[in-house]
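Please consult the sequence and the coordinates alongside the text.

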Amino acid sequence: MHRKITAHEAVSSYNRSKLLNTRAFRLTPGQPRVHIAVSMTRHRATDSPQYSPLGQAHRGFRGRIHAIDVPAGISDLPAAELEGRLIELGFTEGAYVEILHEGVFGRDPIAVRVNDATVALRRREAMAILVI
Amino acid sequence: MAANAEASERRFALIGTPNSGKTALFNALTGSRQKVANYPGVTVERKSGVLQTPSGRVVKLIDLPGTYSLRARSPDEEITRDVVLGRLVNEAVPDLLVFVADATNLRVALRLLIELRRLGRPLLLVLNMIDIARRRGIDIDIDRLSAELGVTVVTAAAVRRGGTDDLLRRLDALAAAAGERTPDVAWKAPSASELRAAQREADRIIQIALRPAAEPDTLTTRLDAVLLHPVAGLVILLAVLFIMFQAVFTWAQPAMNLISSGFDGLGDLVHDAIPAGLLQSFFQDGVINGVGSVIVFLPQILILFLFILLLEDLGYMARAAFLMDRIMGGAGLHGRAFIPLLSSFACAIPGIMATRVIDNPRDRLTTIIVAPLMTCSARIPVYTLIISAFIPDQKVWGLNLQGLVMFGLYAAGIASALGVSFLAKFLFWYDDPTPPFMLELPDYKLPRPQSVLIGLYTRAKIFLQRAGTTIFGMMVLIWFLASFPRPPVEATEPAIEYSLAAMIGHALVPVLAPLGFSWQINIALIPGMAAREVAVAALGTVYSIEGGKEAAEQIGHALASKWSLATALSVLVWYIFAPQCASTLAVIKRETGSWRWMAVTFSYMLALAYLASLVTYNIATVLGAG
């Protein structure tokens with residue numbers, strides 16, 4: 001279900017993205033970041049706003065995976081390949097996740113507990129993991 | 001007869017996810033009866049060993065690179081896939097896949113096992129580290145697990161004495177049974193939904209056959225709270241690296257002196273045993289000194305690998321990569337490139353060998369081509385000689401000027417390595433996707449001495465084999481250049497001045513004169529190709545100084561009277577960049593498996609050296625140092 005977003009949501013999405021490594025959101029140098037934030041929000045197949053990407057969560061976040069949904073342009077990998085790799089590391093629907101640690105620069109990368117394992121990944125790839 | 005023995009030989013392959021303790025199990029099962037080589041055409045290590053079962057049956061065990069999937073995203077994983085599917089030419093499909101899983105972390109492993117099960121090949125699941133799992137209160141119903149998976153399950157604790165007895169008995173029985181060897185060609189990479197289904201199935205089986213620990217490994221959690229702390233973690237990492245760096249330089253010194261004097265003694269022995277002449281020179285200068293100048297680095301290489309193996313077994317290496325990822329990423333390098341680059345301060349050879357920890361081929365290649373820019377210890381004799389001869393021993397802003405210049409040379413090396421890797425990203429891989437950083441952080445484990453020793457032994461063997469072949473060849477070539485043709489009987493100058501090396505030195509004058517290099521310097525550059533520090537001895541020879549290496553001080557005096565400051569600075573800068581060491585180039589050729597990357601490294605370093613020296617010499621001359 002794709003839905004139109006309001007200007008207000010776009011701005012708040014942009015503000016949230018400022019928490020992160022903003023460079024990760026720039027597809028090509030010089031392109032305004034806010035556009036990407038908007039297009040990412042629009043791409044999301046979320047029915048309810050309470051699902052949020054793990055890539056935006058803070059340290060200490062605990063939750064469950066709702067879906068793996070790779071928005072366009074978040075990683076240099078093709079969407080299907082990134083999805084496959086995330087699943088292979090244990091990121092599947094229903095798995096328990098917790099952000100244990102984050103790096104010092106741009107709070108990136110993050111160390112995530114996935115059920116019984118701990119996986120390190122960058123926030124840009126973690127944007128594909130929708131959590132609740 | 002031979003064909004018969006070949007056919008009846010059992011071949012078992014160890015497969016599993018990374019960090020499942022596969023290598024520890026391999027070491028425990030085969031001991032030192034191992035062979036490490038490369039798979040043909042790729043630089044993926046092919047480890048195999050011989051295992052003897054309780055009833056005396058001999059089984060060939062192959063240790064496959066760890067993988068999360070048969071979809072194969074790196075050369076390592078392609079090898080695993082091709083061996084499992086029997087796709088390698090000259091390599092029969094294994095009779096049995098021994099699937100090694102960490103009993104404390106089964107979720108992802110069972111998904112991979114379910115994927116493998118579909119191949120219909122004989123499978124055995126080994127629950128490794130069962131001792132740790134039990135201690136943590138993880139309760140696994142082995143019979144239930146086996147029934148649900150439809151696979152025989154056996155427990156093991158590779159690092160415990162007697163921890164593999166059960167497994168050996170089971171392998172014995174399986175080795176006795178006849179195996180079928182049909183390569184699987186029908187295999188197709190699973191889609192995302194198939195992967196999901198396999199994981200769901202694995203989760204279901206875990207639900208019924210396993211009672212989880214009450215909480216995750218508390219030791220790992222507590223250690224990580226400090227070691228992965230954004231600030232404390234980095235400080236500790238730097239401290240670890242500092243200790244490692246210190247150890248490589250100080251601990252190795254006595255052993256290096258011993259090797260060095262051993263080779264000198266051997267040289268003297270040859271000197272006395274063989275009448276003066278060509279043969280004496282060949283054995284003393286070409287063979288013994290040449291190979292000795294490389295083998296002298298063996299203690300440094302072993303200490304470095306001791307640290308790498310300990311940190312790797314401990315589970316710290318993945319953490320170091322986590323901490324360094326963003327810092328290295330800025331220069332287009334992978335977090336894991338940090339250790340190899342650091343190792344290159346000792347010597348680029350172990351550094352380049354250590355790039356094997358980087359799984360992505362592109363990242364590994366970038367690291368390999370910039371590693372020689374890090375200031376290796378062989379540059380130190382050259383730097384020390386020139387600095388002490390030309391840079392006044394005085395204080396600038398309270399700091400020793402000579403020390404500052406030395407620091408500057410190191411800093412220039414680091415800056416250029418980062419710059420080149422940044423450029424390489426645009427030149428070679430501008431259209432390649434940036435590989436993601438995704439890495440499992442394993443629980444901390446105490447390294448097992450036997451495993452570490454086997455690892456060290458293997459590294460030493462690889463290094464010595466190389467010293468005995470490629471490097472030896474290079475040394476002989478360089479000796480040849482410096483010795484032929486022979487000086488005339490009435491020669492008054494040092495013999496090297498009549499040699500091919502001298503001819504090349506003179507021929508290079510028009511090219512290198514703009515850098516302020518005299519023909520004597522050009523000559524010294526040629527034996528310096530063997531190993532940089534040899535240039536010091538060569539300069540001694542060219543300037544007719546008795547005593548060679550020992551007379552460094554005298555050489556310094558001679559240089560101070562013959563070179564201008566601009567020339568000295570130009571030579572220093574040349575040594576930051578110049579591809580001066582033939583053995584490094586040989587290792588690059590071996591590790592990348594191609595002449596092309598060796599040529600790329602050689603050319604870009606030469607170009608950098610030339611430009612940097614040209615600029616330095618001319619600026620220095622303009623400033624009045626000519």
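The model is predicted. Chain A contains four helices and six strands, and its contact with chain B takes 31 residues from chain A and 28 residues from chain B. The domain assignment divides chain B into domain 1, domain 2 and domain 3.

**Chain A**

- Chain A comprises 132 residues, of which 44% count as buried.
- Where contacts in chain A link residues at least 6 apart in sequence, 67% of them join residues at least 24 apart.

**Contact between chain A and chain B**

- From chain A, 31 residues take part in the contact, and from chain B, 28 residues.
- On the side of chain A that touches chain B, the elements giving two or more residues are α3 (79-88), β3 (96-102) and β5 (117-121) of chain A.
- The largest share of this side comes from α3(A), with six residues.
- By class, the side of chain A that touches chain B consists of 13 nonpolar, nine polar and nine charged residues.
- Strand pairing also links the two chains: β5(A) pairs with strand β12 (residues 438-440) of chain B in the antiparallel sense, over three bridges.
- Within this pairing, V119(A) has E440(B) in β12(B) as its bridge partner.

**Domains of chain B**

- Domain 1 of chain B covers 2-216 and domain 3 covers 477-625.
- Domain 2 of chain B is assigned in several segments, namely 232-378, 405-432 and 450-461.
- A separation of 23 Å lies between the C-alpha centres of domain 2 of chain B and domain 3 of chain B.

**Contact between domain 2 and domain 3 of chain B**

- The contact draws 23 residues from domain 2 of chain B and 24 residues from domain 3 of chain B.
- On the side of domain 2 of chain B that touches domain 3 of chain B, two or more residues each come from α12 (278-295), α16 (348-354), α17 (361-370) and α19 (401-427) of chain B.
- Of these elements, α12(B) gives the most to that side, with seven residues.
- The side of domain 2 of chain B that touches domain 3 of chain B holds 15 nonpolar, seven polar and one charged residues.

Conventions:
Residues numbered from 1 in each chain as written. Chains lettered and ligands numbered in written order. Predicted model: local features only at pLDDT ≥ 70, side-chain atom pairs only at ≥ 80, totals over all residues. Domains from an automatic or database assignment. Contact = placed C-beta atoms within 7 Å. Nonpolar A, V, L, I, M, F, W, Y, C, P; charged D, E, K, R; others polar. Pairing = 2+ DSSP bridges. Buried ≥ 20, exposed ≤ 12 C-beta atoms within 10 Å, placed from the backbone.
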